[in-house]
Amino acid sequence: MPVIDSVSVEKRKFSPKKNFVKKSHIKSFKEYKKLYNESINNPEKFWSREAENLDWFKKWNKVYSWKKTKLETKWFDGGKINISYNCLDRHLKTRGNKTALIWESDKGRSKQFTYKQLHKVVCRFANVLKKHGMKKGDRIVFYMPMIPELAIGILACTRIGVIHSVVFGGFSSESLKDRIQDSRAKIVITSNASIRKGQAIPMKKNIDKVLSECKSLKKVIVVQRDKSLKTSMKKNRDVWLHEEINYSDINDFCKPAEMNSEDPAFILYTSGTTGKPKGVVHSTAGYLMYVYLTFKYVFDYREEDVYWCTADIGWITGHSYIVYGPLANGATSLMFEGVPTYPNPDRAWKIVEKYKVSVFYTAPTAIRALARFGDEWVNKCDLSNLRLLGSVGEPINPEAWLWYHKVVGKNKCPIVDTWWQTETGGIMITPLPGAMDLKPGSACFPFFGIKANILRENGKPTKKGEGGYIVIEQPWPSMLRTVYRNPKRFRKTYFSKFKGGIYFAGDGAKRDKDGYFWIMGRIDDVVNVSGHRFGTSEIESALVSFKGVAESAVVPFPHKIKGKALYAFVTLKKGLNESDELVAKLRTHVSKVIGPIAKPDKIQFTDALPKTRSGKIMRRILKAIAEGLDDVGNTTTLANPEIVEILKKERV
């Protein structure tokens with residue numbers, strides 16, 4: 001078993017308010033179970049009915065097929081469809097003047113695009129790509145900050161059948177090079193700068209040195225994000241996007257390509273624990289169908305909603321729930337370039353107030369960081385339009401959940417705590433907000449079509465309350481189709497742990513007596529202490545449940561007697577001071593919550609933890625620090641690289 005059930009199951013339940021349920025798409029658990037059972041037992045009927053909500057050039061011949069031995073699934077085979085058309089063209093008659101995309105910049109500047117305006121600029125962008133010889137099946141890499149041109153660009157790619165691969169703008173030039181070389185991209189679209197905390201950070205300058213090593217590359221298209229920044233442009237290779245898109249011979253309309261359902265839509269690279277990043281390939285129709293439906297039901301989408309997902313489009317969350325899912329539903333989607341605590345800790349709440357945001361979707365790390373500044377920053381902003389909150393990226397500890405619910409949601413907003421992965425394409429386990437009682441810290445139940453289970457090492461199902469490996473036992477529309485140019489790695493990574501075509505997610509989980517799923521984090525984050533196995537997220541949750549602790553990260557380090565011991569990095573809220581006495585209190589608290597064996601051997605207080613720009617804690621770096629290493633590896637993706645030296649200097 002990868003995880004011990006050492007934390008008592010959260011017993012508190014929060015039921016949706018009656019007025020929320022009244023307007024919900026799914027109004028009861030009974031209704032959810034009826035639809036869920038149909039989606040598992042008769043997927044052809046369920047998905048065929050739901051697929052009628054998309055616009056098709058040609059209907060499918062077969063809803064789905066699954067060849068276990070080949071690990072090959074096909075969805076809506078024989079159908080022809082276009083993602084860009086479904087996100088834009090089909091809304092023009094009824095929603096043409098509705099705001100499709102809102103962009104809020106780091107410096108407070110903003111832009112808004114109606115569906116008509118977004119359609120026009122996407123068409124022009126697509127025609128620029130065609131002018132430079134791009135055709136169906138070619139690959140383009142995007143390396144950009146969170147600016148409208150990124151969303152516009154990927155929609156332009158799907159319009160003409162070009163496969164896009166977005167590389168997070170915080171990655172190093174070497175990381176970019178690896179992805180260009182693996183995808184054999186012909187074009188890179190980048191920006192001359194990104195803006196962070198009011199400062200311009202050169203982007204193109206940083207990547208010029210590696211572009212010459214990318215033999216497939218023919219063209220670099222550059223967005224002029226900062227006019228004052230001097231930018232080197234290589235003749236016959238580099239062009240400015242604003243010049244290209246404004247040429248008089250660029251047409252306002254671009255005919256959408258009729259794509260086969262199983263044509264690849266995009267590649268998104270995800271880092272593994274070993275080796276080079278994996279190029280996860282997602283299809284056209286199945287992916288679109290799934291993100292359309294999950295957005296509609298999980299966020300209980302209503303026509304008047306203003307929806308804000310705080311993720312970066314460089315990650316799958318941004319693909320699925322900033323661009324494709326919301327726009328396929330005709331929603332108003334907000335994208336934000338900056339940092340939610342800059343220039344002040346109320347930045348996120350001011351944006352919610354400014355645009356009357358009704359649905360807010362963010363990560364637990366962001367929630368904990370914002371909670372650390374206290375309630376007053378939230379309370380001075382008008383959040384009365386909020387009706388639904390969401391969490392994504394990692395398990396949310398109950399204390400952060402409760403703060404989010406009480407302070408941000410004013411005890412009236414359900415929280416959809418969602419579990420899914422780059423590889424799954426869309427949300428897999430989640431509450432449906434009008435249909436389920438919520439338990440703080442639980443992802444609740446599988447979405448339609450997701451046959452989830454928790455298995456022991458021997459492949460047998462676990463008992464209630466027993467930790468194990470979370471798996472998916474039958475295919476779903478948006479599952480990854482392969483690892484680009486590496487089908488062996490696809491098979492080995494996701495289907496070799498258990499036999500019979502069972503997808504292994506790499507996460508630990510458990511189910512309580514009510515059937516609720518509790519995600520325990522990556523199997524890699526399980527630590528063996530004197531023969532006892534713990535998910536580090538369990539201990540982190542125990543630490544954060546101590547009054548005055550804002551955030552924690554727990555990693556293992558070598559111990560002569562125990563084999564592995566626990567090292568905790570702890571960030572305190574204002575008003576609580578570091579002391580040896582506090583260390584003792586925290587260790588005692590963990591002992592009471594989990595057990596004496598789970599007490600951290602070392603606790604280091606810190607004002608901040610090393611995080612990526614998307615807010616993910618870099619536990620790899622913390623593990624190296626805990627082990628006493630001076631070389632902690634690559635830190636170029638960190639939003640706060642300066643914290644590494646501070647942590648090394650002050651380690652216990």
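## Rings, charges and helix packing in a predicted model

Alanine 126 is found in helix H6 (residues 115–131), where helices (H or I, at least four residues) and strands (E, at least two) are DSSP runs numbered from the N terminus. This is a predicted model, in which local features need pLDDT of at least 70, side-chain atom pairs count only at pLDDT 80 or more, and totals for chains, interfaces and linings use all residues. Residues are numbered from 1 along each chain as its sequence is written, and side-chain values use heavy atoms, with hydrogens and water left out.

**Around alanine 126**

- With a relative accessibility of 0%, alanine 126 counts as buried (under 20% relative accessible area; exposed is over 50%, partly exposed in between, with a 1.4 Å probe and protein chains only).
- Leave out residues up to four places away in sequence, and alanine 126 touches Ala156, Arg159, Ile160 and Cys254; contact here is heavy atoms within 4.5 Å.
- Glycine 459 is another story: its C-alpha atom is separated by 48 Å from that of alanine 126, and the two residues are 333 apart along the chain.

**Aromatic pairs**

- Searching the whole structure turns up 47 aromatic pairs. To pair, rings of Phe, Tyr and Trp (its six-membered ring) need centres within 6.5 Å; planes under 30 degrees apart count as stacked, over 60 as edge-to-face and the rest as tilted.
- Take phenylalanine 266 and tyrosine 287: their ring centres are 4.9 Å apart and their planes sit at 85 degrees, so this pair is edge-to-face.
- Phenylalanine 266 belongs to strand E14 (residues 264–270) and tyrosine 287 to helix H11 (residues 285–298), so the pair ties together parts 21 residues apart in sequence.
- Phenylalanine 266 is buried, at 0% relative accessibility, and tyrosine 287 is buried with a relative accessible area of 0%.
- Tyrosine 321 and tyrosine 361 have ring centres 6.3 Å apart and planes at 85 degrees, so they form an edge-to-face pair.
- That pair links distant parts of the chain, with tyrosine 321 in helix H12 (residues 316–328) and tyrosine 361 in strand E18 (residues 359–362), 40 residues apart.
- Both tyrosine 321 and tyrosine 361 are buried.

**Charges over rings**

- Arginine 302 has its charged end over the ring of phenylalanine 20, 5.3 Å from the ring centre. The cut-off is NZ of Lys or CZ of Arg within 6 Å of the ring centre and within 35 degrees of the ring normal.
- You'll find arginine 302 in the loop between H11 and strand E16 (306–309), and its relative accessible area of 13% makes it buried.
- Neighbours within four places in sequence aside, arginine 302 is in contact with Phe20, Lys23 and Arg387.

**Helix H8**

- In helix H8 (residues 173–183), the buried residues are Ser173, Ser175, Leu176, Lys177, Arg179, Ile180 and Ser183.
- These buried H8 residues pack against strand E6 (139–144), strand E7 (163–168), strand E8 (187–191), helix H9 (204–211) and E14.
- Just past H8, arginine 184 adopts a positive phi of about 55 degrees.

**Helix pairs**

- Helix H18 (residues 536–544) and helix H19 (residues 580–593) have axes that come within 9 Å and cross at roughly 120 degrees. Axes are lines fitted to C-alpha atoms, for helices over the stretch in contact, and angles run from 0 to 180 degrees between N-to-C directions.
- H18 is therefore oblique to H19; angles under 35 degrees count as roughly parallel, over 145 as roughly antiparallel, 65 to 115 as roughly perpendicular and the rest as oblique.
- H18 passes H19 in a right-handed crossing (the near helix is turned clockwise from the far one by less than a right angle; anticlockwise is left-handed).
- At this crossing, Ile539, Ala542 and Leu543 of H18 meet Leu586, His589, Val590 and Val593 of H19.
- For helix H20 (residues 619–626) and helix H21 (residues 642–650), the axes come within 10 Å and cross at roughly 25 degrees, which makes H20 roughly parallel to H21.
- The H20 crossing of H21 is right-handed, and Ile621, Leu622 and Ile625 in H20 meet Val644, Leu647 and Lys648 in H21.
- Helix H14 (residues 364–372) packs with helix H16 (residues 398–408) at an angle of about 70 degrees, their axes 10 Å apart, so H14 and H16 are roughly perpendicular.
- H14 and H16 cross in a left-handed way, and Ile367, Arg368, Leu370 and Ala371 in H14 meet Ala400, Trp403 and Tyr404 in H16.
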